[in-house]
Each structure stands twice: as structure tokens, then as C-alpha cells.
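Work through the following exercises with the sequence and the structure at hand, and try each task before reading its solution.

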Amino acid sequence: MPWFFSFSDLGPQEVTTLLGKTPLCMLPATLAGQQISFKGKSRKWGGSTATLERSRKGFVYGSALLVPPDDMATIENYYKGMKTVLV
């Protein structure tokens, strides 16, 4: 079962709403070697979107969510065209 690292607009409450159920497990998490960067332009609000970039000294706080593979497809569709990180 995949773990999904959430660090921006799709937090635990939003994942629950998107999937129509609570993920199997939700834990606070830190992703080392990455930093948040704002790039591109969102179709939703017209501003730049948060993404992750490698950074030797960087780290990002977020949530690790355990979701069934079928639900991961729903999350990936939400992020269509954006990079998701599986840990």
C-alpha cells in the first residue's frame, strides 16, 4: 500500500473529503532533502503552485497518509500534471 506525502493544499482533511473516507493511517512527517518552491500558474486561482525541489539542507513538514492503491489513483488525478511524492 502506498504512502502519500502531503505538504500543501491536500492535507488530511482534504484527502478525507476527496476520497469520501479517512485514509487508513495519517502521521506527521518530515521529508528531508527537499524544499518547497512556488512555480507555474494554477488553473484554480491564477497564482503559482507549491512543488518540491531537491535541496541538500532542506526539509519539508507535512503528513504521511497510507491509502489503498485504488484511492491513490484518485489523488493522482487530483494532481494531474503535477508531481507527487511517494515515500
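**Exercise 1.** Find out how confident the predictor is in this chain.

*Solution.* The average pLDDT of the chain, which is the predictor's confidence in each residue from 0 to 100, is 82, and 89% of the residues score at least 70. Over residues 83–87, however, the pLDDT is below 50, although this stretch has 11 contacts (heavy atoms within 4.5 Å) beyond near neighbours in sequence. Since this is a predicted model, local features need pLDDT of at least 70 and side-chain atom pairs count only at pLDDT 80 or more, while totals for chains, interfaces and linings use all residues. Residues are numbered from 1 along each chain as its sequence is written, and side-chain values use heavy atoms, with hydrogens and water left out.

**Exercise 2.** Describe the surroundings of Cys25.

*Solution.* Leaving aside neighbours within four places in sequence, Cys25 is in contact with Trp3, Ala64, Leu65 and Leu66. Between the C-alpha atoms of Cys25 and Leu66 there are 5.0 Å, although the two residues are 41 apart along the chain.

**Exercise 3.** Locate the salt bridge and state whether Asp71 is buried or exposed.

*Solution.* A salt bridge (a side-chain nitrogen of Lys or Arg within 4 Å of a carboxyl oxygen of Asp or Glu) joins Asp71 and Lys21, whose closest N and O atoms are 3.1 Å apart. Asp71 is buried, because its relative accessible area is 11% and buried means under 20%, exposed over 50% and partly exposed in between (1.4 Å probe, protein chains only).
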